[in-house]
Amino acid sequence: MIPFIDLKSQQEKIRSKIDKRIKTVLDHGQYILGPEVRELEKKLEFFANSKYVLCCSSGTDALLLALLGLGLKPGEGVIVPAFTFASSAEVMPLLGAIPIFIDVDRDTFNLDPTKLDNALKTAYKLGINVKGIMPVGLFGQPADMDPINKFAKDHNLWVLDDAAQSFGSKYNNNPVGSLCEVSATSFFPAKPLGCYGDGGALFTNNKEIYEIANSSHVHGMGKVRYEYDRIGMNARMSTIQAAILLEKLYIFPLELKKRQNVADNYNKHFNKLNLGIRTPILINKATSSWAQYTIILPDDVDRNKLQESLRSKNIPTAVYYPIPLNEHKPYEKYPVSQEGLQNTIYLSKTVLSLPMHPYLSESDIMFIVKSIAETIKK
Ligand SMILES: Cc1ncc(COP(=O)(O)O)c(C=O)c1O
């Protein structure tokens, strides 16, 4: 079986270093908030060109902590794409706030900035006080942040970048993590930079946001131990995960280059054939961390049958995401931009993610592309 994501090959390369790092943690015994967590935060500050980094227990918690830091209140609204993972939208209702679903761009899979005005008007008509926008860097490419930031500024909104999938990519040559007020990423094992459990981080240049998030992630504790400034949660990162991430971060830049190379090879082999498949498109200003390599199938291709046929050849594939978020039961009651979600609906029916990891060989890529061509042409 071709691995969809190959964590084994990566681990073989750095296993002895990871073993050493874990042994150090076992020796010093500070399993929670040990020195590796701060060391990782420092390294991530530099990597993401961000003044403050808070490592925490997951990408979802990083989003939640960011919203706490931004002071989102019950009943207030946040504009978020409907074509994304549940975490992007679930954090609003957890705080009693309201996600307002907006459509994405067909080419980039990301929030379409030209549709922000309509989303905002939709919310205002419903009497919702919109406070912010949450773009999502889906599949690895950041959203088009310049027009999003401009719209936010013009309308007195903040921007929280859900960079769970796009950490490691750049926009206008600036690293994700530094593109707006706050960013959040995930270190879930399958992410471009993943640990061996759950983990996440929040990035901001705003001291107040950082301080609230920092306090909130240890039960709202203030500067004095066991004195509480606010209602908080337990969202600490395990020291062992930080230790693992320190080794993974070291090879991350090289792996990002390898991922780009894999994407280039896919593009090259798909473009040789005339299958009517649309390969991923990057906007000029952006690079991608290639969390996924996602193609758009022609309308007449039966996606289930294609997946089945590829599975029979030991090629795993995945559909991210088969149902727009607003169509799931818990989200049905939240508003959808009046302009509708045409692209989200179209993409949810036609996207297919193929194996993607830094160690995917060109011969495997050729086999995958050939197998798709054979099935589609039948
Ligand atoms: C777009 C997006 N946002 C948020 C998350 C949440 O990250 P975590 O699983 O670490 O909580 C994910 C993880 O899959 C994601 O893909």
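Predicted model: local features only at pLDDT ≥ 70, side-chain atom pairs only at ≥ 80, totals over all residues.
## Around the ligand

Let's start with the ligand. It has 15 residues around it, and the closest are Gly59, Thr60, Ser87, Ala164 and Ser186. Two elements, α3 (59-70) and α4 (86-94), each give two or more residues to this shell.

## How α3 meets α4

Those two helices also pack against each other. Their axes sit 9 Å apart, at an angle of about 45°, which means α3 runs oblique to α4. The crossing of α3 and α4 is right-handed.

Which residues of α3 meet α4? On the α3 side they are Gly59, Thr60, Leu63, Leu64 and Leu67, and they face Ser87, Val91 and Leu94 in α4. This contact is made of 5 nonpolar and 3 polar residues, with no charged ones. Gly59, Thr60 and Ser87 turn up here, and they are also among the closest residues to the ligand.

## A closer look at α4

Several residues of α4 are buried: Ser87, Ser88, Ala89, Val91 and Met92. What covers them? The cover includes α3 along with the strands β2 (76-81), β3 (98-102) and β5 (158-162). Just past the end of α4, Gly96 has a positive phi of about 80°.

Now for a residue in a loop: Leu325 lies between α9 (303-312) and α10 (342-350). Is Leu325 buried or exposed? Leu325 has 24 other C-beta atoms within 10 Å, so it counts as buried.

Leaving aside residues up to four places away in sequence, Leu325 touches Ala82, Thr84, Ala86, Ala89, Phe101 and Tyr331. One of these, Ala89, is itself a buried residue of α4. Leu325 and Glu90 are 235 residues apart in sequence, yet their C-alpha atoms are 9.8 Å apart in space.

Another pair to look at is helix α2 (residues 35-47) with helix α8 (residues 239-271). Their axes come within 8 Å and cross at roughly 35°. Here the crossing is left-handed, whereas that of α3 and α4 is right-handed.

From α2, the residues in this contact are Glu36, Val37, Glu39, Leu40, Lys43 and Phe47. Across from them in α8 are Thr239, Ala242, Ala243, Leu245, Leu246 and Leu249. By class, that gives 8 nonpolar, 1 polar and 3 charged residues.

Definitions and conventions. Residues numbered from 1 in each chain as written. Near = placed C-beta within 6 Å. Helix = DSSP H or I, 4+ residues; strand = E, 2+ residues; numbered from the N terminus. Axes fitted to C-alpha atoms, helices over the stretch in contact; angles between N-to-C directions. Parallel < 35°, antiparallel > 145°, perpendicular 65-115°, else oblique. Left-handed = near helix turned anticlockwise from the far one by under 90°. Contact = placed C-beta atoms within 7 Å. Nonpolar A, V, L, I, M, F, W, Y, C, P; charged D, E, K, R; others polar. Buried ≥ 20, exposed ≤ 12 C-beta atoms within 10 Å, placed from the backbone.
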